[in-house]
Amino acid sequence: MAFFQQKQAWVLKTWIEAQAKNTMAMREQRYVDGAELLYFGDKITLKLHEDGEAARFSLRDSHLEVVLPQQLQADQRLLRNIIEVFYRQQAKRYLPPRTRQLAQLHGFSYNQVRIKNQKTRWGSCSAKRNINLNLRLMMAPDAAIDYVIIHELCHLRELNHSAAFWALVESYCPKYRQWEAWFKRHGPSLIL
């Protein structure tokens, strides 16, 4: 009990922060014409267009244009699925080549990169030397994406979060603390 009383302020602060993150994470993205989405840390605007044919989408300038029958434009589940397909395609195009570039630059070797849509992790590295990256990374600035990739590459040498691991991360990404703080602050709002 004495320990709890000593740490009471920290426990309360941590609990309040966790509640705020949960509230933000539970916020549901609304997919309507003019909604703003993040792409590489910049805002893009969702533009809905009517067409009687099958649904399709394209990125033009700073607009994600989604074409689908008018009666389906209010279907939030369908729109969310379309948006997820967009981010997954972008992640598959960008994240594996970028991982390969950073691995070659810093002398790492891995087996494969997988793209996932996880709720709580931005990336992971398995003992089998596979790297998993979250497709929602495509919402973050490119330097933040690089931090996550480097973090996971460093796990190929240190499969833990020891002081040696963090020293290794810092040697390849000197501003890693800035990006770690960025994800704590903005990560809960990077939702689909």
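Reader: How many of the 13 residues of α4 are buried?
Author: In this predicted model, 11 of them are, so α4 is largely enclosed by the rest of the structure. Buried means under 20% relative accessible area, exposed over 50%, partly exposed in between (1.4 Å probe, protein chains only). Helices are DSSP runs of H or I with at least four residues, strands are runs of E with at least two, and both are numbered from the N terminus.

Reader: What covers the buried residues of α4?
Author: The cover includes α3, β6 (123–125), β7 (131–134), α5 (163–172) and α6 (176–186), with contact meaning heavy atoms within 4.5 Å.

Reader: Switching to rings: how many aromatic pairs?
Author: The count is 12. Rings of Phe, Tyr and Trp (its six-membered ring) pair if their centres lie within 6.5 Å; planes under 30 degrees apart are stacked, over 60 edge-to-face, the rest tilted. F57 and F86 make an edge-to-face pair, 6.1 Å centre to centre with 90° between the planes. F57 sits in strand β3 (residues 56–60) and F86 in helix α3 (residues 76–106), 29 residues apart.

Reader: Is F86 buried or exposed?
Author: F86 is buried, at 1% relative accessibility, while F57 is partly exposed at 25%.

Notes. Residues numbered from 1 in each chain as written. Predicted model: local features only at pLDDT ≥ 70, side-chain atom pairs only at ≥ 80, totals over all residues. Heavy atoms only, no water.
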